[in-house]
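Look over the sequence and the model first, and then read on. The paragraphs below go from the whole chain to single residues.

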Amino acid sequence: MSAEPLDVVLNRDRLNEALAPEAYTASGEFPVVLHNEGEPVHVHLRFSGPLAAVTAVDSTNHYVDGGATRHVHVDVADVDEDVTGTLSLVTGHGAESTDVAVTVTPPPEQQNSVAVDESLSEPPERTDSGSGASAGLGSDSGSGAGSPASGGGSGGRDESGSAVDRVVAAAPDAATLLVAAFAVVVLAAAALAALALNSTAVTLGLVAVVVAVAVALYVLLP
């Protein structure tokens with residue numbers, strides 16, 4: 001209901017007089033308040049124009065006693081846009097009429113609502129070029145980052161393993177080391193004997209032992 005009623009003053013200066021505003025605006029249903037300041041009078045409410053299609057009252061004819069006030073409730077249908085028409089206040093059995101330009105507007109909540117385009121709620125379509133570019137970048141970066149790392153790591157392990165294998169293969173086993181140590185001991189003993197005895201035969205024997213030991217070491221050691 002409108003915050004301000006449509007006030008009408010009857011018989012203030014003369015009989016069958018109706019004093020009302022020239023224009024009135026309501027948002028939804030509203031009351032017409034008839035204040036009678038003189039003799040009893042009959043008032044007929046008549047809606048015309050587009051306003052007649054959206055308004056209705058229980059009764060169009062109203063009797064207002066002298067010095068009395070009467071409220072007439074006007075029902076208004078829901079509207080999507082402003083509707084304007086005329087409310088005629090007819091008195092004196094049709095002898096006099098006072099017109100009020102009445103405009104009915106949509107409810108405030110409907111006026112403040114903002115229509116949202118349904119297309120805004122739909123996700124944007126992906127373009128093939130954008131998807132391909134994104135996929136290509138992701139694929140290239142992933143491949144580029146992973147390939148050198150995996151290749152470098154694999155190459156490093158192979159080279160390291162080969163180096164270790166070569167060192168292990170080149171290292172003499174325990175038997176070879178034992179023979180070499182024994183040969184060194186024999187050579188040292190023969191050298192001491194040759195020095196002590198100062199004999200040619202011993203010296204020749206020492207040379208033969210050295211040759212034999214050298215041959216053995218050449219064969220055993222890689």
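**From the whole chain to its core**

In the protein, 65% of the contacts with a separation of 6 or more are between residues 24 or more positions apart; a contact means heavy atoms within 4.5 Å. This is a predicted model, in which local features need pLDDT of at least 70 and side-chain atom pairs count only at pLDDT 80 or more, while totals for chains, interfaces and linings use all residues. Residues are numbered from 1 along each chain as its sequence is written, and side-chain values use heavy atoms, with hydrogens and water left out.

The pLDDT is the predictor's confidence in each residue, from 0 to 100. The protein averages 75, and 49% of the residues score at least 70. Over residues 131-157 the pLDDT is below 50, and this stretch has two contacts in the model beyond near neighbours in sequence. Where pLDDT is low, the predicted coordinates should not be read in detail.

The secondary structure comes to four helices and ten strands. These are DSSP runs, numbered from the N terminus: helices are H or I with at least four residues, and strands are E with at least two. From the N terminus on, the order is β-β-β-β-β-β-β-β-β-β-α-α-α-α.

Five strands form an open sheet in the order E2-E1-E4-E8-E6, with mixed pairing; two strands pair if DSSP finds at least two bridges between them. Strands E2 (18-19) and E6 (55-56) stand at the edges with a single partner strand each, so one side of each has no neighbour in the sheet. Strand E1 (residues 6-10) pairs with E2 in the antiparallel sense over two bridges. Leucine 10 has alanine 18 in E2 as its bridge partner.

Of the 222 residues, 23% count as buried, meaning under 20% relative accessible area with a 1.4 Å probe, protein chains only. A nonpolar core is a set of buried Ala, Val, Leu, Ile, Met, Phe, Trp, Tyr and Cys residues joined through side-chain atoms within 4.5 Å. The largest such core has 27 residues, and Leu10, Phe30, Val32, Leu34 and Leu87 have the most contacts inside it. Its largest share, four residues, comes from E5.

Which residues does leucine 34 touch? Among them are Val8, Leu10, Val43 and His62, not counting residues up to four places away in sequence.

The structure also holds one aromatic pair. The ring centres of tyrosine 24 and phenylalanine 30 are 5.3 Å apart and their planes stand at 50°, so the pair is tilted. Rings of Phe, Tyr and Trp (its six-membered ring) pair if their centres lie within 6.5 Å; planes under 30 degrees apart count as stacked, over 60 as edge-to-face and the rest as tilted. Both tyrosine 24 and phenylalanine 30 are buried.

How values were computed: Buried < 20%, exposed > 50% of the residue type's maximum accessible area, 1.4 Å probe, protein only.
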